[in-house]
Amino acid sequence: MYEEIRKQQEAKMPMYRMIPKPVPVCYIGAGKALKVGELLNLYGVRKAAVITDGSLRAIGLPDPMIKAIEQSGVETVIIDRITPDPTFGVVEEALKTCLDNGCDGVVAMGGGSVLDTAKMVSVCASTGQAPMELAGSMKVKGIALPFIAIPTTAGTGSETTIAAAISMTDTHKKVPVADPNLVPDCAVLDPELTVGLPASITAFTGMDALTHAAEAMVSVYCDPEAARLAKAAVKLIFENLENVMEEPANLKSRENLLVASFLGGMAFTRTMVGYVHGFAHNIGGKYGVPHGLANAVLLPHIMNFYKDVCERELAELWDVIAPEQNGLSAAEKANGFIKRIETLNRALGIPERLERFPESGIDAICEAGFQETHTMYPVPKYMTEKDAKEILGKICKKGE
């Protein structure tokens, strides 16, 4: 069975590599969010849909940017009813508001859920397609409205990817949407917007970015450019994530994490992801486990499973984070990198098990994770059901 899956994935590789991977114009630095109005003027936007979520609106985080946009002569329509893990119903409601108000541009400020919703709105408002029509790959029938993405977390990399993850309204099962037209025109990486994040969100999203980079590095689709991007992201995360936890107001470290997230997003856009995301998506969708937390807990186990076929790649990641430690074998370096992930998890306060994921759910998550991974992701090594259940058994809550 797995030989047939491998042949199918390898047959898709040339076609996937031919898909354009646009990169948004990137503006980096403290205060850059206040320049969004000037960018909208460059695109000729007269009325912008500003998409965010209620929690950010409640603390006033988007308000200075909104004021600056309006001072630049661009009207704004605020759409702030975006929920975590947005459903197609949430997207449809945001799209209706955008269309009813005649918006000709989209600005998104928030985490991955907000950015993914805005991607869908920017495309559907332009092409006239219904959000559900975009489910799958390469379904967009035109270009999006001018779209500026401002992430408020350093992890998803959604501001630079060709993908969005939207949940079914009834089942809440996540559905991938992938198309080059989803990539924003501009990404604004403003570290001031991430300073007030709770420590847990900083940790979870940082580990999400690390997972993107690590899974990109070991992917069958990894090429020299993806490897370069992945290594740069890994280096920045290991150099800055613990520092940000200790010094939450350190703008330089926060900026570096935003850049790492951006680079990780670019990397996995070229390669796709693997079993970590395949299982984490389904654990999160079924049990409400934050995506970055599920990724963090799964990551060392999955990398250890890949180790015998990805020793060189994991050793190269060790060289990135510990260049001073020479004289080790490739196997020692690969083991060292996996141990560093575990050490980083402990330093960030990330548990070894997911309390919301019960042992009774292993069979269903195994099946759903296999369905997602084996139909979409070019993993370097395939799991048996026994392999998967053994790993899931190590990260679930025992006894339930």
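Colleague: Which residue just after α4 takes a positive phi?

Modeller: Gly73, with a phi of about 95°. The helix label rests on a rule: helices (H or I, at least four residues) and strands (E, at least two) are DSSP runs, numbered from the N terminus. This is a predicted model, in which local features need pLDDT of at least 70 and side-chain atom pairs count only at pLDDT 80 or more, while totals for chains, interfaces and linings use all residues. Residues are numbered from 1 along each chain as its sequence is written, and side-chain values use heavy atoms, with hydrogens and water left out.

Colleague: Which residues of helix α4 are buried?

Modeller: Start with the cut-offs: buried means under 20% relative accessible area, exposed over 50%, and partly exposed in between (1.4 Å probe, protein chains only). In α4 (residues 63-71), the buried residues are Met65, Ile66, Ala68 and Ile69. Seen down the axis of α4, these fall within an arc of 160°, so they line one face of the helix. The arc is taken from the directions from the helix axis to the C-beta atoms. Lys67 and Gln71, on the other side of α4, are exposed.

Colleague: What covers the buried residues of α4?

Modeller: The cover includes the helices α2 (36-42) and α3 (54-58), together with β2 (47-51), β3, β4 (105-110) and β6 (147-151).

Colleague: Where is Ile82 found, and is the residue buried or exposed?

Modeller: Ile82 is in the loop between β3 (75-79) and α5 (88-100). With a relative accessible area of 6%, Ile82 is buried.

Colleague: Which residues does Ile82 touch?

Modeller: Contact means heavy atoms within 4.5 Å. Not counting residues up to four places away in sequence, Ile82 touches Ile51, Thr52, Asp53, Val90, Ala94, Ser113, Val114 and Thr117. Take Thr52: C-alpha to C-alpha, Ile82 and Thr52 are 6.5 Å apart in space, and in sequence they are 30 residues apart.

Colleague: What does Thr205 touch?

Modeller: Thr205 touches Thr153, Ala154 and Gly155, again leaving out residues up to four places away in sequence. Thr205 is found in helix α7 (residues 199-218) and counts as buried, at 13% relative accessibility.

Colleague: How many salt bridges does the count come to?

Modeller: The rule asks for a side-chain nitrogen of Lys or Arg within 4 Å of a carboxyl oxygen of Asp or Glu. By this rule the count is 21 salt bridges. One of them joins the side chains of Lys35 and Glu38 at 3.9 Å, N to O. Lys35 is partly exposed at 42% relative accessibility, and Glu38 is partly exposed at 49%.

Colleague: Why do residues three or four places apart in an α-helix point the same way?

Modeller: An α-helix has 3.6 residues a turn, so residues at that spacing point the same way. Here, Glu239 and Lys235 both lie in helix α8 (residues 224-246), 4 residues apart, about one turn of the helix. Their side chains meet in a salt bridge of 2.7 Å, N to O. Glu239 is partly exposed at 45%, as is Lys235 at 38%.

Colleague: Which salt bridge links distant parts of the chain?

Modeller: Glu359 and Lys398 form such a salt bridge, at 3.4 Å, N to O. Glu359 is in the loop between α13 (330-347) and α14 (362-376), while Lys398 is in the segment after α15 (385-395), 39 residues apart.

Colleague: Which residues are linked in a network of salt bridges?

Modeller: Lys231, Arg312, Glu313 and Glu316 are linked in such a network.
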